[in-house]
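Please keep the structure open while reading.

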Amino acid sequence: MTSTSPARRPSSTPVLRTALVWGGIVTAVLLVVGAVVGFAVGGASGLGSALAGVAVSAVFLAVTATSILVANRWFGDPLYVPIFFGIVLGGWLLKLVLFIVAIVVLREQAWVDPMTFYVALVVSVLASLVVDVVVLLRMRIPSASDVTLPTDPDEGDRRS
């Protein structure tokens, strides 16, 4: 693995880290609100269903950002592109398998209220999308980032 200095990290790294932090905060708030509303609407099964819906959404939405952050550790390596796509594709495949397993396991549980689970899942996904949009709108990233232009050896470096 090639270590990167802070100056050589991709411009997506601070955006993804910020999105993960704010996504975690929003998930914590949704867990509390979901627990209260789920219990008020459906009792203990509503409480568990709401918590499960928010948790499933949080895990799946965090896998993509985390896999990109992990893949960015190889930024600057000659094999960065295949490593990046291998890790991100592996994360997506992991999410697919985990989603199928979670739905099959949760579908057979007597304590799951399908409507409460579904609403909590959808609200959590929408909240995560709002967080992503707000983070992207507030981050200042140049249009042409992660690019180093070549210099003409006959002209020298014009920056001096």
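Is D77 buried or exposed? The model is predicted, and in it D77 is buried, because its relative accessible area is 18% and the cut-off for buried is under 20%. D77 sits in the loop that joins helix 1 to helix 2, the latter spanning residues 80-107. The D77 side chain comes to 2.7 Å from the backbone nitrogen of L79.

**Helix 1 and the annotated spans**

Helix 1 covers residues 12-71, which is 60 residues. A straight helix at 1.5 Å a residue would reach 88 Å, but the end C-alpha atoms of helix 1 are only 11 Å apart. Helix 1 also has a bend of about 145 degrees, located at G42.

An unreviewed UniProt entry lists residues 20-41, 47-71, 83-105 and 117-137 under "transmembrane region". Such annotations may be inferred rather than shown by experiment. In the model, residues 47-71 are 100% helix and 0% strand, with end C-alpha atoms 36 Å apart. Residues 83-105 are likewise 100% helix and 0% strand, and the end C-alpha atoms of that span lie 32 Å apart.

**Aromatic side chains**

How many aromatic pairs does the structure hold? There are four. One of them is formed by Y80 and F84, which counts as tilted because the ring planes stand at 45 degrees, with the ring centres 5.7 Å apart. Y80 and F84 both belong to helix 2, where four residues, or about one turn of the helix, separate them. F84 also pairs with F85: the ring centres are 5.3 Å apart and the planes are at 90 degrees, so this pair is edge-to-face.

The two pairs are set out below.

| Pair | Distance between centres | Angle between planes | Class |
|---|---|---|---|
| Y80 and F84 | 5.7 Å | 45 degrees | tilted |
| F84 and F85 | 5.3 Å | 90 degrees | edge-to-face |

Accessibility can be read residue by residue. Y80 counts as buried, at 16% relative accessibility. F84 counts as buried too, at 16% relative accessibility. F85, in contrast, is exposed, because its relative accessible area is 52% and the cut-off for exposed is over 50%.

Which residues do the ring pairs link into a cluster? They are F75, Y80, F84 and F85.

Terms used
Residues are numbered from 1 along each chain as its sequence is written. This is a predicted model: local features need pLDDT of at least 70, side-chain atom pairs count only at pLDDT 80 or more; totals for chains, interfaces and linings use all residues. Side-chain values use heavy atoms; hydrogens and water are left out. Helices (H or I, at least four residues) and strands (E, at least two) are DSSP runs, numbered from the N terminus. The expected span of a helix is 1.5 Å times one less than its number of residues. The bend at a residue is the angle between axes fitted to the seven residues ending there and the seven starting there. Buried means under 20% relative accessible area, exposed over 50%, partly exposed in between (1.4 Å probe, protein chains only). A polar contact is a pair of N or O atoms within 3.5 Å; within protein, one must be able to donate a hydrogen and the other to accept it, and residues adjacent in sequence count only if both atoms are side-chain atoms. Rings of Phe, Tyr and Trp (its six-membered ring) pair if their centres lie within 6.5 Å; planes under 30 degrees apart count as stacked, over 60 as edge-to-face and the rest as tilted.
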